[in-house]
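Colleague: I am new to reading protein models, and I would like to learn how to look at one feature after another. Could you take me through the one shown here?

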Amino acid sequence: MTVDRRGRDAARRMQATVDSAPLRLFEAGRAGPAPARPPAVRPSLVSFAGAFLVVLALVGFLVGQRTWFAPDRAEVVDTTPSSLPQPPPIIIPDGPVVTTVPPATSPTRHHDPTTTVAVDVLPPPLTISSPTEGERFEEPKLRFAGSTEPGATVMAGPYRAEVDAAGNWDIVLILSPGANRATITATDAAGNQAAATVTVYYDPPVVTTEPRPKPEPPPPTTVVEEPPAVEFSAYATYGSCELDPPYDVYYGTAQPGSKVTITSEYGSATVVAGSEGGWEKKVLFEAAPHGVVFAVTVSDGLGNSRTFEFVSYAGEA
């Protein structure tokens with residue numbers, strides 16, 4: 001029998017005694033005078049108060065027993081987060097790291113479920129497909145291209161590349177003469193960043209500084225001066241002749257360089273006008289008969305002409 005049970009039984013017996021005392025006194029009064037016996041002490045208010053104090057003390061003792069001896073019956077549980085068993089972290093190969101985060105604990109709970117949160121700590125894949133390392137170019141404008149994780153942001157310094165839904169990216173950059181080291185970065189939605197570099201060379205065309213050849217002077221211009229306009233004229237010196245063979249001398253002017261023709265039935269000749277247009281020609285008439293008058297025509301071939309008469313006295317009379 002435990003201590004608290006013995007205390008409860010004693011309290012019940014004392015309460016029953018206190019409760020039955022007035023009843024016995026009442027029944028004794030109804031029954032009339034009792035046989036003579038030793039005088040008894042009548043209960044008074046002090047007696048009731050003392051009994052009540054005894055009961056109150058006993059009840060307090062029982063409550064104290066329950067509180068003082070509670071550690072002997074209850075299990076003490078340490079509910080601090082550090083004392084609870086922690087599950088080990090789970091590592092997914094080639095994927096994000098998964099850790100288990102226990103919820104806030106309370107002193108009365110011992111087996112709360114844990115919450116699983118996936119944390120992405122892997123940088124996004126990043127490749128540069130073109131240009132290749134060490135390539136040389138003769139144009140300063142060059143297109144860079146490659147692939148990365150879909151949804152990632154690709155940058156080349158302060159310039160942002162175009163990225164499609166499949167993760168393919170491209171950007172056009174301007175090269176400087178010589179070596180150019182381009183650094184491309186990719187940042188995913190979780191803030192993880194990857195970088196890739198490629199070095200290319202820009203070889204600008206060589207500009208020659210040789211002097212231009214001097215242009216050859218134009219050939220001298222030959223100025224052909226046109227001959228002065230000369231009016232056609234023709235004259236006969238004698239008009240007749242007694243010598244054998246007979247002859248006459250014709251002269252005049254014509255266009256310089258033009259050909260002057262002297263014709264007759266008995267003799268003809270040609271002459272070229274000089275640079276100033278003058279001309280002169282002696283014409284023999286060997287076949288002319290004695291005393292016959294015949295015509296002699298002088299022309300320049302330009303439509304100008306003049307006719308003269310000639311009489312030969314040579315030959316037989």
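Modeller: We will go from the whole chain to its strands, its cores and its salt bridge.

Modeller: This is a predicted model, in which local features need pLDDT of at least 70 and side-chain atom pairs count only at pLDDT 80 or more, while totals for chains, interfaces and linings use all residues. Residues are numbered from 1 along each chain as its sequence is written, and side-chain values use heavy atoms, with hydrogens and water left out.

Colleague: How many helices and strands are there in the protein chain?

Modeller: Helices (H or I, at least four residues) and strands (E, at least two) are DSSP runs, numbered from the N terminus. The protein chain has three helices and 20 strands. Of its 317 residues, 25% count as buried, where buried means under 20% relative accessible area, exposed over 50% and partly exposed in between, with a 1.4 Å probe and protein chains only.

Colleague: Which strands does S10 pair with?

Modeller: Two strands pair if DSSP finds at least two bridges between them. Strand S6 (residues 141–148) runs antiparallel to S10 and is joined to it by seven bridges, with Phe-144 having Ile-171 as its bridge partner. Strand S9 (residues 162–163) is also antiparallel to S10, through two bridges, and here Glu-162 is partnered by Asp-170. The hairpin of S9 and S10 has four residues between the strands, and in this hairpin Gly-167 takes a positive phi near 95°.

Colleague: What is the order of the strands in the open sheet?

Modeller: The open sheet has five strands in the order S5-S12-S11-S7-S8, with mixed pairing. Its edge strands, S5 (136–137) and S8 (159–160), each pair on one side only. Strand S7 (residues 153–156) pairs with S8 in the antiparallel sense over two bridges, and Met-155 stands opposite Arg-160 in S8.

Colleague: Which residues have the most contacts inside the largest nonpolar core?

Modeller: In soluble globular proteins, nonpolar side chains tend to be buried together. A nonpolar core is a set of buried Ala, Val, Leu, Ile, Met, Phe, Trp, Tyr and Cys residues joined through side-chain atoms within 4.5 Å. The largest one has 21 residues, and those with the most contacts inside it are Tyr-250, Ile-262, Trp-279, Phe-285, Val-296, Val-298 and Phe-310. Strands S15 (247–253), S16 (259–264), S17 (269–272), S18 (278–284), S19 (293–299) and S20 (305–312) each supply at least two residues of this core. Apart from it lies another core, of 20 residues, among them Ala-156, Trp-169, Ile-184 and Tyr-202.

Colleague: Which side chains meet in a salt bridge?

Modeller: A salt bridge is a side-chain nitrogen of Lys or Arg within 4 Å of a carboxyl oxygen of Asp or Glu. The structure holds one salt bridge, in which the side chains of Arg-136 and Asp-203 meet at 2.8 Å, N to O. Arg-136 lies in strand S5 and Asp-203 in the loop between strand S12 (193–202) and strand S13 (233–236), so the pair ties together parts that are 67 residues apart in sequence. Arg-136 is exposed, with a relative accessible area of 52%, whereas Asp-203, at 29%, counts as partly exposed.
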